[in-house]
Amino acid sequence: MRILLINPPELNEIKATKSADARNNLVPLGLLYLASHLKANHDVNILDMALFKQSTNELPGVIDSYKPNIIGITSVITLWGAVLDLIHTAKQSAPDVVTVIGGPNVSKYPAETLSHKDVDYIIVGSGQKPMLELCDRLEKHERNFQIENCYAQEREYHSLATINSKEYYIDNFPFPDRFATPYDHYNASISPENPTTSMITSMGCPYKCAYCSSRVDQAFQLRKETLVVDEMAEIEQIGIKSILFQDELFTMKPNRVNNICEDIIHRGIRLNWSVKSRIDSIRPEMLDIMQQAGCSNIHFGIESGNDSTLRRMKKGYDIDKIKKTIKMVKASGLQCSGNFMLAYPGEEEKDVLNTIQFAVTLNLNMTHFGITFAIPGTELFYEGVKAGRHSRNDPWSEFTRNPDKGEDLFKIYASNTFNSDQLNKFLDIAFSKNRTLFDLNEEKQA
Ligand code: B12
Ligand code: SF4
């Protein structure tokens, strides 16, 4: 079978932040994982429309020349409108093509997703195993089958019981196929050298922050340390210079961090890399060896400058801890960057401004701000439903059936205290007072 995997364009994206346009070009890692697994039995092509800033009307040309039997599209919540556009366009230009949607956005609302008749299948959770089985069965012209974690148009839904079973552990599958897209086109401003690729050493997160979909979507799994370093060696051989580790929490287990770093040093791997971390999971003894092994930056989900908000978020740390950790990391010579959420439910204007000012005082190498929105399935989302904060009972259900393309997400933001003008003003202030991706990009180009 010929399978076309698509990373949707960010053209009609609903923006929860200002810096979406200044984003870097990052590899669609989930699709690279799928490609390496599927290509054992099938011919696979990835169309990275985000990288090449392509529009939906360029899809028929690609379908004409590649003639795929199956089109698989990845989805995040803010690109749902673009995903549906692609699906409709695909079916219009090739009515026999089988369409499959996967990725973080499809798990919560299978019925709503399949209310779009052009969607033939959806796959929830890790896609490698069910997608391969689906493609194999379709190749044999089978029609009546049940595949775990795969929902079909106009059929009974299957149980999701195995979504997080051991079978879906990432180490059971081949490394991502980094030649499936033009690896030398990907870059990140935070990387000292490009090209940059992404990698994961774990999936999911054991913490329980109220707004985060990680614990809802994915059981926590750690990869084997030696395989992590094997993959890094492969990346270095390709000629890639930097890695962004996309794990939610690279630094959670100090021993593991130490073992990985020692192995990197021992094997003489010379790559730059950066990680994401929690404020309370950094141990001083990690910082030296991480730097020796090539780490240049730690990105923290700091989120707020208010203790009361941090408590409502269930972050498990306070402002004092944030200050101490940032000071410690900076003193080690590593760069620090941070993420902040504005307009968390319960916040008044002074709290939002306080978070912005707090970010200024931390003087990070890069800061990023977004307006809080309630991702389906999270505690914050259910709190909002209970408190009647959303204009409808479950706005995402309606959104999945009928996304309002071109409009912004403000009407379904988590807080109902501020209007869109106020929220935009907060973003303007936050981005103008802090060093953001825009500044980093400008500095790199200069
Ligand atoms: C890197 C990243 C980004 C990058 C994306 C760049 C890129 N090309 O990957 C950037 C910085 C642009 C980004 C932006 C945003 N992100 Co983001 N991001 C991530 C992050 C940290 C890593 C993604 C990753 O590589 N995962 C590892 C791979 C292996 O897993 P995967 O992508 O899920 O793929 C597997 C399965 O989902 C499935 N699958 C995926 N696609 C498909 C397709 C088919 C056909 C099939 C069958 C299966 C399948 O199989 C894959 C292999 O097992 C995740 C958190 C995480 N650790 O996963 C958040 C995450 C995906 N992001 C999230 C969000 C909310 C956003 C933003 C909306 C934030 C914002 N407020 O602006 C924007 C969306 C804009 C956009 N255009 O994507 C949420 C998604 C929630 C949701 N339900 O949609 C996540 C899960 C974080 C979280 N815990 O809340 N993000
Ligand atoms: S916000 Fe970060 S630490 Fe909290 S649950 Fe999500 S990934 Fe884990």
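I started with the largest nonpolar core, which has 119 residues. A nonpolar core here is a set of buried Ala, Val, Leu, Ile, Met, Phe, Trp, Tyr and Cys residues joined through C-beta atoms within 7 Å; buried means 20 or more other C-beta atoms within 10 Å of a residue's own, with C-beta atoms placed from the backbone. Leu5, Ala35, Val83, Ile122, Leu342 and Ala343 have the most contacts inside this core. I then checked the helices (DSSP runs of H or I, at least four residues, numbered from the N terminus). Helix H3, residues 80-93, gives the most to the core, with 7 residues.

A note on what I'm reading: this is a predicted model, where local features need pLDDT of at least 70 and side-chain atom pairs count only at pLDDT 80 or more, while totals for chains, interfaces and linings use all residues. Residues are numbered from 1 along each chain as its sequence is written, and chains are lettered from A and ligands numbered from 1 in the order in which they are written.

Next I looked up valine 83. Leaving aside neighbours within four places in sequence, valine 83 is in contact (C-beta atoms within 7 Å, placed from the backbone) with Pro8, Ile73, Ser75 and Ile101.

Then the domains, whose bounds come from an automatic or database assignment. Domain 1 is 2-155 and domain 2 is 182-372 + 415-445. Their C-alpha centres lie 28 Å apart.

Definitions and conventions: A residue is buried if 20 or more other C-beta atoms lie within 10 Å of its own, exposed if 12 or fewer, and partly exposed in between; C-beta atoms are placed from the backbone. Helices (H or I, at least four residues) and strands (E, at least two) are DSSP runs, numbered from the N terminus. Two residues are in contact if their C-beta atoms, placed from the backbone, lie within 7 Å.
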